[in-house]
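Here are a few notes to go with your look at the model. Have it open beside you as you read, and follow the points in order.

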Amino acid sequence: MLNPQRSLSELPKMSAASQVERAVLEEEFNWLLKEEVHAVLKQLQDVLKEASRRFSMPTPGLESQLKQENFILGSSTIDQVKGVLTLQGEALTQADINLKVAKSSQVLHFQFREDKQWKLQQIQDARNHVNQALQLLCSHDESYQFKTGAEVNKLMDAVMLQLTRARNRLTTPASLTLPELATSGLMKMFTPPMPGDVMVNFYINLSKLCLTVYQLHVLPSNTTKNFKPAGSSVLHNPGAMFELNSNRFEVSHVHKVECVVPWLNDTLVFFTISLQLCQQLKDKISVFSSFWNYRPF
């Protein structure tokens with residue numbers, strides 16, 4: 001059984017020790033708000049500036065002109081589709097595609113019209129989200145004094161939201177229906193014009209630039225085949241059906257070829273590093289917030 005007299009005599013000592021501990025923790029927390037938060041913000045700015053620079057790819061000596069890069073499309077297992085794509089920032093400025101028609105030796109050749117280029121919305125959106133994250137970070141320069149942990153967390157959450165959206169745009173291509181692909185502006189980019197039984201789609205998947213070519217055949221109007229239109233998808237499989245302008249089509253062959261874009265891989269690494277830095281700072285804030293209930297962190 002505890003000695004009541006002893007417990008009472010120890011109360012002042014415990015209180016004093018608690019006060020000292022609290023004072024030390026508060027001093028450490030104030031240092032975190034004043035010094036370490038700004039050090040992390042500077043790190044984040046440096047990393048995201050590198051990410052933003054990858055999206056721009058300026059040519060040395062010509063800051064306003066974006067570098068053109070050629071990528072060879074192909075696969076070790078598929079020779080039906082081959083091509084060369086020219087990427088300039090977010091724009092495909094040229095596409096030169098050879099398609100070997102299934103069950104025939106005929107080779108079709110298409111390329112972008114000289115007056116056309118195709119904007120890759122995924123790259124454009126990802127770059128915009130990176131720049132929005134940078135704007136958030138730059139709005140709190142070194143002279144800014146954070147008052148609470150909650151204020152820091154709010155900024156980190158806002159930055160992480162933009163970075164997550166940027167990463168998701170590169171990792172999650174848009175799902176499209178077959179009629180949407182058939183009526184896409186992309187189909188009007190080529191010379192000679194694409195025949196009615198061929199459709200193409202370009203998209204980004206992680207660090208890869210992908211081309212999918214669909215070959216179609218028209219279903220007879222009196223077909224007894226069960227007609228079931230396909231829904232939205234990034235990649236449609238053979239057998240998928242759709243209706244357009246009172247005609248019914250079925251996908252007979254699908255060819256997908258891709259190439260790695262090294263600077264897209266760099267940006268994904270930068271996103272991961274930045275998200276980790278944000279989370280680590282939030283974790284440090286949470287360590288301090290668990291010590292006090294009376295002060296909002």
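Buried means under 20% relative accessible area, exposed over 50%, and partly exposed in between, with a 1.4 Å probe and protein chains only. This is a predicted model, in which local features need pLDDT of at least 70 and side-chain atom pairs count only at pLDDT 80 or more, while totals for chains, interfaces and linings use all residues. Residues are numbered from 1 along each chain as its sequence is written, and side-chain values use heavy atoms, with hydrogens and water left out.

1. Let's start with a loop. S246 is exposed, at a relative accessible area of 69%, and S246 sits in the loop between β11 and β12. Helices (H or I, at least four residues) and strands (E, at least two) are DSSP runs, numbered from the N terminus. The phi of S246 is positive, about 70°, although S246 is not a glycine.

2. N245 belongs to the loop between β11 (241-244) and β12 (247-260). N245 also has a positive phi, near 50°, and is a residue other than glycine. With 67% relative accessibility, N245 counts as exposed. I'd look at both backbones together.

3. Next, the cis peptide. T191 and P192 are joined by a cis peptide bond, with omega about -10°. You will find P192 in the loop between β8 (190-191) and β9.

4. How many of the 8 residues of strand β9 are buried? The count is 7, so β9 (residues 198-205) is largely enclosed by the rest of the structure. In a regular strand, side chains alternate between the two faces of the sheet.

5. β9 pairs with β10 (residues 208-219) in the antiparallel sense, over 8 bridges; two strands pair if DSSP finds at least two bridges between them.

6. Finally, please visit S274, in helix α5 (residues 262-289). S274 counts as buried because its relative accessibility is 0%. Which residues does S274 contact, leaving aside its neighbours within four places in sequence? They are L44, V47, L48 and L163, where contact means heavy atoms within 4.5 Å. As for the polar side of S274, a polar atom of its side chain lies 2.8 Å from the backbone oxygen of F270.

Key. A polar contact is a pair of N or O atoms within 3.5 Å; within protein, one must be able to donate a hydrogen and the other to accept it, and residues adjacent in sequence count only if both atoms are side-chain atoms.
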